[in-house]
Structures are given as C-alpha cells and as structure tokens.
Amino acid sequence: MLSIPIDIALPRSPHIVTSLPGPRAKAIVERDRAVTSPSYTRDYPLVVARGEGSMVEDVDGNVFLDMTAGIAVTATGHAHPEVVQAIQEQAAMLLHMSGTDFYYEPMVELAEKLAIRAPFPPLPSPPLQGEGSRKTLFPARVFFSNSGTESNEGAIKLARYYTGRSLIVAFLGAFHGRTYGAMSLTGSKTVQRANFGPLLPGVTHIPYGTHASLDYLEKQLFTTMLPPQEIAAIIVEAIQGEGGYIVPEDGFLERIREICDRHNILMIVDEVQSGMGRTGRLFAIEHWGVMPDIITTAKGIASGLPLGAILARPEIMTWQPGSHATTFGGNPVACAAAIATLRLLESGLMANATQMGELLQAGLHRLSQQFPQISLPRGKGLMVAVDLLDDEGKFNPQLRDRILQEAFLRGLLLLGCGKAAIRFCPPLVIDSHQIQTALQILFEVLAEIQS
Ligand SMILES: Cc1ncc(COP(=O)(O)O)c(C=O)c1O
C-alpha cells in the first residue's frame, strides 16, 4: 500500500512530474489487467491515489484537474471535509443494519429531505410543517438503492405494479444501467446488449429529444403497434447523458407529460446523471417545470458513496411490504454522506454549477470559433459537451479519443460520451481559475493537433 502525506494540500492546477503513466501507475495497471474483468472501459491509465476538490493525485505524485468527477459523481468535490466528517461520525456509530428490516434515523432524515424537494405536486392538507414533523405530508415517498441501475430496475417494477400494465417506452441513446431491466431500457451502444439476450420484452425505443419522435409515437406507434392503454411508463432522461449530453427540443418533456396524462401512463425521469445539482437545479427536469411521477437518482447523491433513490408520488408508491426491498440500499453511512451533500449543494454549490457552467460554455464557444473541429457547446450548469467533427462536419470519434489522451498527458481528465462528444462534468466545487485552466489545456491540445 502506498502511503501519501495527505496533510499537504494538492495544488489547484495540474502538475505532472513523471512521464505518464508513471512507474507505480504502470505496475498497478499491469496487476489490474491480470485480474479484473476485461469488460471495464478505461480511456487512459490514470491510477488515482487521492482527491481533493477538483484535483486528483495519482500514485506517482502527478496532479490532475478532474473534469469527470468520477463519471459525474463527486458532486461536492473529492473528499469534501464536511462529507468526510459526516461519514466518519456515522461510521463510528453504525455501519449497517439494513433499512429493509429495521429503522435508523439517517435513512428517514434523508428520505424526508429528498421528498420535500421532489418536483411533484404538493399535497393539499395538512400544510407542510417542516422536515421531521410527524404530521408532515410529503409530496413523495422514497425507496433507497445502491446505484443508478438499481433505481431504474425498481422504477420499472413500481410502474408495472401500480399500473398493472407491462409495456415501456424508452429512447434511443438512453443509458439507464446494466442490470437486465435497466439494460433493456438502455439504447446507447450495441456492445452493452450484444450476447446478453433475451432482454425484457415490451420495451420500445424511439429517437430522443425531438417533436418528430413524439409525432411518430402518437401517430404511428399508438395507432399500429403499441396500444397506449397497455403502456406502464415512458422513461426519459431530462438531459440525455451517455448519449451525448443532449438537451431536448423545447416542449419535448412537456409533451411527454401530456401524452402520459392523456393515456394514464407514468412519466419516469432518470436523473441519475443530470440530478443532484449538476445542472444548477437539484433535478434537471426543474428547468422545464415538468412534474414527473417517478424520479430515479444515484451518482452525485452521496458525493461518492454508493447510494441511489427512487422518488415517487405517494399515491403511486403503494407496493405492499416485501414486494421490493434490499439489504444494503440506504446504508446509514451513505445516507449521512447524502445529507451533508444536500446541505452543501444548497448552500452554494448549485449556484456555482450555474455560474461555472456559463463560464465553461462561453470559453468553449470561443474555442469552437477558433477550431472548426469542435461544435458549439450544449448543456446546462456543469453538464456540458461539445462534439468533435471532421472536415465535412461529420462526427469524428478518433479525434475525440486523441484529445482525451492528449489532455490526460497535460493533466486534464476528460470523458467522452455520445458518438464523438467530450463531456465536462466536473465536481460542482470547481472554480473559475480551474475552468480557465481546462479551457487553456484544451486550446493547447487543439492547436497542436491542428499544426
Ligand atoms: C442516466 C443514467 N442512468 C443510469 C445509470 C446507471 O447508473 P449506475 O452505473 O450507478 O448503475 C447511468 C450511469 O451512467 C446514467 O448515466
């Protein structure tokens, strides 16, 4: 085991001291290759030893600026002291008891905090009387899981259970997870489905984000193949994540709500990637003022500890005891981390996501004017992407992959998504200096590639 003096703060800019990967990283990558599943996808050989805010240090002492947040997870930054303290205190009290069979307060407290923030219709009476009050009627009920895929798995079950219907509509490009139900909703890459069939029957995928797609659903599918009265749910990402950080056309999400209302279909919004403050709102769907029936979340909710949640309107989450449960979901330490995360999101980090996102998009806009290879940016808050294009304006995944490598060598961590996009999903604690540093490195990479 490597021991690193963690009392010394990391620099706030990248600092590369070895060739990459360094000797220790190289050795660990070799050990990893011999023993871990080959199904993992690693773009570059980063072997992380510690993280602090928006910076991570590798095992050789190289320091990187992290624009990935560990796939949009470390919302409050790496090892935020308040999150770490909450974890340490809870760990010393109780590591596990299972919320399925027993009670403990952190799980209740987090459920209350999430429920009153759910973008669902408020319940009429009695009026909300504050978190923790026994008389409070909450606009949501909450089921805790350990991950995004598990949240979506549970949402499918809940939608079928509540409606008594079996069919589901999902979107091409969607990513909802890897377990069988969620994988059946995923429409992102064939490698994620190949050789795994048969998948869940009764799932229909239509293109994402356009009115033309919803026209097709209503005018073609509903009249020929897909009886709307047999559809349990339409599941949609408010902003499509793995599919390319695609912001839907104006009115798209509102129209899904209308279609669902017309046919008594449930609207499930997957906020696993777009939620927990990343777009400047707790849930991205709030940008459109649309109230779904069920929300699934995970990733950023506990700043890095494994936790997911299903939020559903109370009249929908009425399944009977034993119908859905989990040993680990809602673990007390993860709940304590999530409570601290929510507090931090609301005391400045969501606002910072909005401000830093604007700065990032403005800088990417300038880069797109200087370099025809990159598209205009898109996204909301700190969920931003650009596409990489060839001379004819077509997607250029090879160029995207090369940029990811070159950025890594300069100390900037980026991830791809979609066909040829780079996504920017840093910790929400990122500051303006770090945004400028990321843009400067990207500029240098593009300039070198162009020369
Ligand atoms: C929108 C969305 N839903 C679900 C998932 C699956 O989450 P997990 O990997 O925690 O199972 C992801 C993961 O990237 C996601 O982006």
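This is a predicted model: local features need pLDDT of at least 70, side-chain atom pairs count only at pLDDT 80 or more; totals for chains, interfaces and linings use all residues.
Ala, Val, Leu, Ile, Met, Phe, Trp, Tyr, Cys and Pro are counted here as nonpolar, Asp, Glu, Lys and Arg as charged, and the others, Gly among them, as polar. On that count, the shell around the ligand splits into four nonpolar, eight polar and three charged residues. Of the 15 residues in the shell, Ser147, Gly148, Thr149, Val272 and Gln273 come nearest to the ligand. As for secondary structure, helix H5 (residues 148-163) is the top contributor to this shell, giving three residues.

Several of the pairings can be followed residue by residue. At the S6 end, strand S5 (residues 167-171) pairs with S6 in the parallel sense over four bridges, and Val169 stands opposite Thr204 of S6. S5 is also paired with S7, again in the parallel sense, over three bridges; here Ile168 is set opposite Ala233 in S7. S7 in turn runs parallel to S8, and five bridges join the two. Within that pair, Ile234 faces Met267 of S8. How much of S7 is buried? Seven of its seven residues are.

Zooming out, the domain assignment of the protein chain gives domain 1 (23-80 + 354-450) and domain 2 (97-330). Taken over C-alpha atoms, the centres of the two domains are 28 Å apart. Contact between them involves 24 residues of domain 1 and 20 residues of domain 2. On the side of domain 1 that touches domain 2, the elements giving two or more residues are H2, helix H9 (332-370), strand S11 (378-380), strand S12 (383-387) and strand S15 (421-424). The residues on this side of domain 1 come out as 11 nonpolar, nine polar and four charged.

S15 pairs with S12 in the antiparallel sense over four bridges, with Arg423 of S15 as the bridge partner of Ala385. It also runs antiparallel to strand S14 (residues 415-417), to which three bridges join it; in this pairing Gly416 has Ile422 as its bridge partner. S14 and S15 make a hairpin with three residues between the strands, and there Gly418 takes a positive phi near 60°.

Ile71, which is not a glycine, has a positive phi of about 60° and is placed in helix H2 (residues 69-72). Buried, exposed or partly exposed: which label does Ile71 get? It counts as partly exposed, because 16 C-beta neighbours fall inside 10 Å, whereas the buried label needs 20 or more. Asn195 is another such case, with phi near 70° in a residue other than glycine. Asn195 is found in the loop between H6 and S6. It has 5 other C-beta atoms within 10 Å and is therefore exposed, the cut-off for that label being 12 or fewer.

The loop between helix H6 (180-185) and strand S6 (203-206) also holds Pro198, which is joined to Gly197 by a cis peptide bond with omega about 0°. A cis peptide bond also joins Leu20 and Pro21, where omega is about -5°. Pro21 belongs to the segment before helix H1 (23-35).

Note on methods:
Residues are numbered from 1 along each chain as its sequence is written. Domain bounds come from an automatic or database domain assignment. Two residues are in contact if their C-beta atoms, placed from the backbone, lie within 7 Å. A residue is near a molecule or strand if its C-beta atom, placed from the backbone, lies within 6 Å of it. Two strands pair if DSSP finds at least two bridges between them.
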